[in-house]
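Please have the sequence and the model open side by side.

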Amino acid sequence: MPLVSGAEVVLAAAKAGRGVGAFNVIQLEHATALIAGAEQAGTPVVLQISENAVKYHGALKPIGVATLAAAAAATVPVVVHLDHAMDRDLVTEAVQLGFTSVMYDASKLEYADNVAATTEVTKFCHDHGVFVEAEIGEVGGKDGVHAPGARTRPDEAVAFAEATGVDALAVAVGSSHAMTERTATLDFALISELHAAVAVPLVLHGSSGVADPDLTRAVEAGMTKVNIATHLNNVFTASVRQTLTANPTLVDTRKYLGPARDAVATEVARLLTILKA
């Protein structure tokens with residue numbers, strides 16, 4: 001199945017009241033695990049490569065091309081998404097490589113500058129058939145608007161979405177990046193209010209800290225794209241630790257990365273069910 005656009009997956013899910021699982025790729029094992037989990041669940045999936053992952057690899061192209069190739073071989077619809085890109089040139093490179101979705105993060109800028117920069121990126125991406133996600137302010141875990149006490153104002157969300165022409169909007173409703181415990185408290189009334197007010201699909205960042213029942217409830221309240229990374233890193237790392245503890249002389253990386261990949265695939269399939277994907 002060929003790669004699909006973010007619009008094809010996210011807009012369809014929003015219309016149907018379903019969630020879309022968006023999971024981060026750091027290594028090729030992550031990409032293949034996420035696809036395997038989506039194939040088990042029989043649902044679309046978004047594979048995300050963040051700017052931090054690009055920095056880890058030293059360049060976008062190696063991990064980007066590998067992820068695109070894995071996605072092209074999948075039997076379910078796959079979106080390949082550049083996540084939290086603050087580098088404008090990285091957006092251009094991702095589009096040229098064939099990414100079908102971009103999250104441009106100009107949230108550290110003043111509001112007017114964020115609108116101007118995001119509008120320019122949105123026009124560029126739309127000219128190339130690429131879906132665009134953005135946010136008004138920084139996400140929690142980065143001392144920003146998604147800190148547990150921060151909230152997105154519906155009137156500001158409407159104004160930002162209309163001014164920039166973005167296709168999806170990340171909003172602050174109580175989650176926070178990089179949480180290793182699933183104890184976040186979401187503002188479901190605000191999610192419903194934002195859903196009623198904002199014309200584009202809503203995105204929940206920092207969802208690793210959200211418990212299963214609340215993930216389902218968030219989708220039912222109007223959230224569409226749900227980003228989960230740290231939780232799956234926990235699953236991957238726990239499996240590697242377990243395998244190496246049980247086999248302390250093991251040196252073949254395939255024998256501990258393989259089980260970790262399988263564990264992530266199983267958890268992804270479960271999460272996609274939780275998200276009503």
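Leaving aside its neighbours within four places in sequence, which residues is Phe23 in contact with? They are Leu34, Val45, Val46, Leu47, Gln48, Ile228, Leu232, Val268, Leu271 and Leu272, where contact means heavy atoms within 4.5 Å. The model is a predicted one, in which local features need pLDDT of at least 70, side-chain atom pairs count only at pLDDT 80 or more, and totals for chains, interfaces and linings use all residues. Residues are numbered from 1 along each chain as its sequence is written, and side-chain values use heavy atoms, with hydrogens and water left out.

Phe23 belongs to the largest nonpolar core, which has 78 residues. A nonpolar core is a set of buried Ala, Val, Leu, Ile, Met, Phe, Trp, Tyr and Cys residues joined through side-chain atoms within 4.5 Å; buried means under 20% relative accessible area, with exposed over 50% and partly exposed in between (1.4 Å probe, protein chains only). Phe23, Val78, Val91, Cys125, Val173 and Met223 touch the most other members of this core. Helix H11 (residues 254-274) gives the most to it, namely eight residues. Helices (H or I, at least four residues) and strands (E, at least two) are DSSP runs, numbered from the N terminus.

Helix H2 covers residues 28-41. After H2 comes Gly42, with a positive phi near 70 degrees.

Thr67 sits in helix H4 (residues 61-72). Thr67 is buried, at a relative accessible area of 0%. Beyond its neighbours within four places in sequence, Thr67 is in contact with Val25, Ala31, Leu47, Ile49 and Val80.

In helix H6 (residues 111-127), the buried residues are Asn114, Val115, Ala117, Thr118, Val121, Thr122, Phe124 and Cys125. They pack against helix H5 (88-97), strand S4 (101-104), strand S5 (131-135) and helix H7 (154-164).

In total, the protein chain has 11 helices and eight strands. Of its 277 residues, 55% count as buried.

Methods: The expected span of a helix is 1.5 Å times one less than its number of residues.
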